[in-house]
Amino acid sequence: MLLLNCPCCGVDADETELAAGGEAHLKRETVGAEDEAFEAYLFMRDNPRGVHFERWRHAYGCGKWFLAARDTVTLEVFGTYPAQTKKPPKAIENALKKKRPDWKGWA
Amino acid sequence: MGMSTRLATGGRLLNRARAVEFNFNGKRLTGYEGDTLASALLANNQVLVGRSFKYHRPRGIVASGAEEPNALVNLGKGGRFEPNQRATTTELFEGLSATSQNHWPSLEYDVGVLNNYVARLLPAGFYYKTFMAPRAAWKHVFEPIIRQSAGLGKAPKDRDADRYEHFHAHVDILIVGGGIAGLQAARTAAASGARVLLVEQTANWGGRAPADGSVVDGIAAEEWITKAVEDLEKMDNVHLRTRCMGAGVYDHGYALAYERVADHLPANGQPRHRLWRIRARQIVTATGAIERPLSFAGNDIPGVMLASAVRDYVANFGVSPGDRTVVVTNNDDAYRTAIALKEAGLDVPAILDARPEATGPLARRARDLGIRVEPGKGIAKVIGGKRVTSVKICAQSGEGAALEEIPCEAVAMSGGWSPVVHLWSHCGGKLTWDETNAHFRPDPDRAPTNQDGEGFVKTAGAASGEVSTANCLKDADAAGRAAAKAAGFKPEPGDAATAEAEEVQPMLPVWVMPQGAGIAKRMKMWLDYQNDVKVSDVQLAAREGFESVEHAKRYTTLGMATDQGKLSNINGLAVLSQSLNSEIPKVGTTTFRPPYTPISMGSIGGEARGELFQPVRQTPIHDWHQANGAYFEPVGHWRRPYCYRRDGESTEQAVQREVKNTRQALGLLDASTLGKIIVRGPDAGRFLDMLYTNMMSNLAVGKCRYGLMCSENGFLIDDGVVARLDDDTWLCHTTTGGADRIHGWMEDWLQCEWWDWQVYTANVTEQFAQIAVVGPNARKLLEKLGGMDVSKEALPFMQWADGTIGGFSTRVFRISFSGELSYEIAVPAGQGRAFWDALVAGGEEFGLMAYGTECLHILRAEKGFIMIGDETDGTIIPQDLGLDWAISKKKDDYLGKRAQARSHMTDPNRWKLVGLETLDGAVIPDGAYAVGEGRNANGQRNTIGRITSSYYSPTLDRGIAMGLVDHGPNRMGEVIEFPTLGAGSQPIRARIVDPVFYDKAGEKQNV
């Protein structure tokens, strides 16, 4: 059972306190988007073996959404950070580069 | 002569001063306090304890602990009946009642044993092969026979009489296993100041060391153990638990332990089992090792036991397995059993050692005691039916020609030891093959990793693959030290316990005995006692191409069922690898999955059963409903009255009465469960414009508007009436089941997408009771109670107002889900019941009756109002339901807008909502499909529509329905057919009509 630190309230939360929300940092496509771009927004998700950015909600705690950088194979957590950002913060990127030198980097 | 019996002396775990009476298969037997059921059965010469799964062969006790595959019994009676309980791990208690399993009519005479004589016809993969046979043969011949004989034990019939609970524990270091390694690791770890939890699955500390005669720190292991436990008990940072098994290790240091609190003290008021949910920084597994059987012909005959188990029964329980025990081994350890038997005054006719020579110190000691040691020898065949009577011995290197027959009552076998690696492996710890000891042991360089990418499991003692007492203690100290350090503590420079180094002659891997055994022998060599898997079965699987160990397992059933192959796995995969001409580490092991041994379903559920299974939500008016004949239905976690049955009424009659009364006089509905979400802030209007398909920002203060919410896929997810409370504040009503989901949906968008918008949301569903006063007399009642102007002029349809009614502070919404004159009135939840009572009392003269959810459904269906979950199923867009009027054309964007422009959503062939009126007035079954011309590729008739809601309408006295029909709105007046199920049944014919069946102009609600 995963243990993730909620950056809002600071609690190390058990997975049972959390609700998973899928891939993080999606860009919302809407009216005016081409079919292909909109389809990608609705359905196309990364499913990597390794580094993944994802959304979690501290549903049975403070109720806030946050984001986590996690390895989908080893379940190592590189860090959690507030949801109000369009890309991973520098500190997370640095931690990732150090721990996963072959990580392709933030696209 | 030859019985297994209680010895006059010995038995370190027994309290001979206290006899305990118990019952096995109806026989009254006696044991002692401290016995397990298995040791007490053996002491009463009850060696035969069950029948095997497939061939129903007689089965005896093989082991002395959790690894036991055979001695599974039905335990207890009635509400405390439980099948498949291991006799070896069941502590004896006064009045214990057990029966053996898998036999008919009796344990001694079982007709299923016929399977044994047709074993050649039941090879590995029998079931799979039989599926391929003519279908009729399976259905009429094999399946009935298999059903009759299959299954381990019987399912309980009564409700579980016990209670169970969960514990949550947070510790620095969890240590699993209370043998000398676990105790030493705990001492070392605790000395650093870390919070330590040490759990031991049996009732006794110390593990194997006392029975093995180990010496620790110069004193007998037993003494050292007592002192170590005393020392640990004094420490505030240490918790100790016996009868508590480490069941599983999971991600990020999570672990489950299973405490059998009261199995040995039934019905004493304590919870029977307790599931520990543990979060540990570090876990040390000191889980010991399990001895492996040897594969020789007849190794499943009762009386053939593990050498270590024989030693346990003698040393721990003072039980002799028989006067004469032949020991057969490939390693030094089994000599300890021979020596223990001899010292207990029993006969050991021979030690058959598969190794070409026996030169170790234990062999020397055995010889000194006068025991005949036969190196290079093995067992050609065990003779006996329900009990061993003799063994034929042979050269291990040959094909099994018998050299001699030795009469005996028991055989003690040892094929070497396998570390218990289960907990290490559960969360991804990797294993390495140890050539010296022929076992898989944990690879410390590939430990399971935690959230920081660091290893969080260490192993200690025999679980690491250590063999000698000295090395076990050293390893345990190192594990305790490493765990403390990894958990952030500074281990003290230690004074770890020590033991003298032992000289050991290396073991010799022996997978088949004798090595050149022919097929007749291999068909009698059991690998898996519980599932009747033999050496020949695994070899057959390999020949038939099941080369992966996971496939071979499933094909042969090796290592399945309750013991999960604790004895059979390594032997089985060794045979498989030999058959494949591959090396054992290349073949690998099957996956180890938690729990280590089966845990009760009750413990998993914990307190969550009966009334505590799920929270039940009740409105403030619930008690009134209950007192007035409410027939409740669950709506989400809520309980809502479906209808209120009066004397002698059926549910249908009650519903019809409620509908008619509401249409003709006055109805009262408890609508408190309706979701109520406050949305407030400078950007609230803009936010709601994104959330709803229609415009909410331009809703005037004091007014209400019906709105639809869609997902980003464009599908309808909720609907409800929105009221604007003031410039900055809107109140959004959601469906009963949707309140929490929609509130979460709002928060998701506000927190993750539009976080710079200034909006605040609050789910106030439970803060208000809401009561719908519905029907032609609604206004009369409110005017009678008095307080605020509820006239059409002061409070027109689709407006709301605050005010007092009958002295209650209320907010009144003029909204209608019934098509009648209707006021939905909210009061603070604490006033809900009093206000309801005031309405009921005042309404009597106007014919007031409460109505339930079914009446609500019929009223709305008569009006053609959609219901989320009936007309929608997650694939329906508002346009399908003719709700285009509720979709703003002015807005640039709303959630779902872009999706509703996708080609499939704008397809003119999407089925659309219509009303359906049966020609003969019948009610169409809900969910029925309409059929059209032609057939599809599967030869089925093409479907052209389906029913989404269907009711008998008391108002119209006929069946009415709503449904989605291909080009439905363009086919008004057309008649379509709904086939019904059942022989000779006629299709129901229905005319496509407008979905609004009642008061099409909407005059009644707007008065």
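Here are some numbered notes on this predicted model, for someone meeting it for the first time.

1. Let's start with the layout of chain B.

2. Next, the inside. The largest nonpolar core has 88 residues, and the members that touch the most others are B:L37 and B:F296. There is also a second, separate core, with 46 residues, among them B:V457, B:L527, B:V587 and B:F592. As background, nonpolar side chains tend to be buried together in soluble globular proteins.

3. Leaving out anything up to four places away in sequence, B:F296 touches B:V304, B:V328, B:I379, B:V382, B:V411, B:M413, B:M513, B:K524 and B:M525. One of those neighbours, B:M513, turns up again in point 8, in a cis peptide bond with B:P514.

4. How much area do domain 1 and domain 3 of chain B bury between them? The figure is about 2,300 Å², and carbon and sulfur atoms account for 59% of it. Domain 1 of chain B brings 37 residues to this contact, and domain 3 of chain B brings 28.

5. On the domain 1 side, the elements giving two or more residues are strand 1 (5-6), helix 1 (37-43), strand 4 (48-51) and strand 5 (58-60) of chain B. Helix 1 of chain B has the largest share of that side, with 4 residues.

6. Now for the two chains together. Chain B puts 31 residues into the contact and chain A puts in 32. About 2,600 Å² is buried between chain B and chain A, with 48% of that area from carbon and sulfur atoms. On the chain B side, B:Q751, B:W755 and B:R898 stand out: they supply 26% of the area that chain B buries against chain A, more than any other three residues.

7. Chain B and chain A have 5 salt bridges between them, and 18 residue pairs are in polar contact across the interface, both residues being at pLDDT 80 or more. Strand 16 (273-285) and helix 22 (739-752) of chain B each give at least two residues to the side that touches chain A. Which element of chain B gives the most to that side? Helix 22 does, with 6 residues. As for the salt bridges, A:R55 forms one with B:D748, the closest N and O atoms lying 2.8 Å apart.

8. Some backbone details deserve a look, given that most residues other than glycine have a negative phi and most peptide bonds are trans. A cis peptide bond joins B:M513 to B:P514, with omega about -10°; B:P514 is in the loop between helix 12 (469-486) and helix 13 (519-522) of chain B. Another cis peptide bond joins B:P594 and B:P595, with omega about 0°. B:P595 sits in the loop between helix 17 (584-587) and helix 18 (601-605) of chain B.

9. B:M798 has phi near 65° and is in the loop between helix 23 (778-785) and strand 42 (800-805) of chain B. For B:D999 phi is about 50°, and its place is in the segment after strand 51 (988-993) of chain B. Are they buried or partly exposed? B:M798 counts as partly exposed because its relative accessible area is 22%, while B:D999 counts as buried because its value is 15%, the cut-off for buried being under 20%.

10. Finally, a residue in chain A. A:H52 lies in strand 4 (residues 51-57) of chain A, and it is buried, with a relative accessible area of 12%. Its side chain makes a polar contact with the side chain of A:E54, at 2.9 Å. Beyond four places in sequence, A:H52 touches A:E23, A:D46, A:A68, A:A69, A:R70 and A:T72.

Note on methods: Residues are numbered from 1 along each chain as its sequence is written. Chains are lettered from A and ligands numbered from 1 in the order in which they are written. This is a predicted model: local features need pLDDT of at least 70, side-chain atom pairs count only at pLDDT 80 or more; totals for chains, interfaces and linings use all residues. Side-chain values use heavy atoms; hydrogens and water are left out. A nonpolar core is a set of buried Ala, Val, Leu, Ile, Met, Phe, Trp, Tyr and Cys residues joined through side-chain atoms within 4.5 Å. Buried means under 20% relative accessible area, exposed over 50%, partly exposed in between (1.4 Å probe, protein chains only). Contact means heavy atoms within 4.5 Å. Buried area is the accessible area (1.4 Å probe) that two parts lose on being put together, summed over both. A salt bridge is a side-chain nitrogen of Lys or Arg within 4 Å of a carboxyl oxygen of Asp or Glu. A polar contact is a pair of N or O atoms within 3.5 Å; within protein, one must be able to donate a hydrogen and the other to accept it, and residues adjacent in sequence count only if both atoms are side-chain atoms.
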